[in-house]
Amino acid sequence: MKSKEITIDQLQQFKDFVKIDVRSPGEFVDGTIPGAFNIPLLDDAERAQVGTVYKQICTEKAKSMGYDIVKPKLPGIFSHIQSLSENNRKVVLFCWRGGMRSQRLVDYCSEHGLEVSYLSGGYRAYRRLVYSFLNDFEKIPEMVVLMGLTGVGKTKLLSLLAQNGVPVIDIEKAANNRGSVFGQIHGGSQPTQKNFEAMLYENFRSNDWGFSIIECESKRIGKIYLPDMIYHKMKTGLKIHLYADFDKRVERLLEDYAGFPEDKLIDAILHLKKALGQEKINNLIELVRNKKFHEVVAALLRDYYDPLYGYPRGQANTYDISINCNNLNIAAGEIRDFLSFRYGYA
């Protein structure tokens, strides 16, 4: 029986496929196709065991061992796949190379009355597609870069613009890192580099506007990196300078950080010892313990963030446009008008 296959181009063309990654949980976490479900044939320990036999003894022995491990799991795996295929949804299975794992499972499903496909080339084909796209300067849209001091409202502006259908990419959200020493205070782990790149690819490939709005970032964001071509586009893109009153910026940062545990705030502050000196660190910690968060934020802006980034605090004519962000709804409207004039959309 010949297994039914689809190509990576077909998978990208049709959006109604249910994607099922049959690799081990560890492989899945390291990198998968966005939106895929993980129904592993082997768990991580079983995969390591079979892999050892494959390398140290022989291929056939490893295949036999793998089959013996998987065989009793097949009814449960089939039932799970069947549940995901309800309402006539098309299902595609994939492993690393589109080889034995996915093809054999497709055959098993077919023998039991469920028609599913496997991805030719597997996850590796998808990774090659992502890598090729992100290294093609012409395929990546022009970057419209939001720049400004901490607290001007860049992240909220991205959200407002996205709600109005303007193409944006929230790098900090995708990377689960808010920048600087306070980047991890919101909790949660960062995605792997592979999954971060997949998110970028999926965002850009569906963008037919010719531009994407992005917040100015360094090349390294926590433990992951912006691909070279995207970083280059960011550095050479349109520059939108944002500014707001100092008190408004303090107010916004209070909304973001004041509700977090004091020990996390203090731990983040301690990382600034080299930049601020022990005396200022001690003062900040004392303010946190006394719940004087407004004074903490004001001091951090004045003594650390503003000198670090160095953007103008008010209107500036050295950018493509400079916008007051005291009212973010008005600012979002001004950005839309600017881009409409620049790119000619209604």
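**Where two helices meet**

Which residues in α15 meet which residues in α16? On the α15 side they are K280, L284, L287 and V288, and they meet F293, E295, V296, A299, L300 and D303 in α16; contact here means heavy atoms within 4.5 Å. The model is predicted, with local features needing pLDDT of at least 70 and side-chain atom pairs pLDDT 80 or more, while totals for chains, interfaces and linings use all residues. Numbering starts from 1 along each chain, and side-chain values use heavy atoms, leaving out hydrogens and water.

Helix α15 covers residues 278-289 and α16 residues 293-309 (helices are DSSP runs of H or I, at least four residues, and strands are E, at least two). They pack at an angle of about 155°, their axes 8 Å apart, which means α15 is roughly antiparallel to α16 (angles over 145 degrees count as such).

**The cores**

The largest nonpolar core has 61 residues, and I213 and I335 touch the most other members. A core here is a set of buried Ala, Val, Leu, Ile, Met, Phe, Trp, Tyr and Cys residues joined through side-chain atoms within 4.5 Å, with buried meaning under 20% relative accessible area (1.4 Å probe, protein chains only).

**A look at S24**

S24 sits in the loop between β2 (17-21) and α2 (25-30). S24 is buried, at 1% relative accessible area. Not counting residues up to four places away in sequence, S24 touches N38, P40, L42, D43, D44, R47 and R101.

Technical notes. Axes are lines fitted to C-alpha atoms, for helices over the stretch in contact, and angles run from 0 to 180 degrees between N-to-C directions. Angles under 35 degrees count as roughly parallel, over 145 as roughly antiparallel, 65 to 115 as roughly perpendicular and the rest as oblique. Buried means under 20% relative accessible area, exposed over 50%, partly exposed in between (1.4 Å probe, protein chains only).
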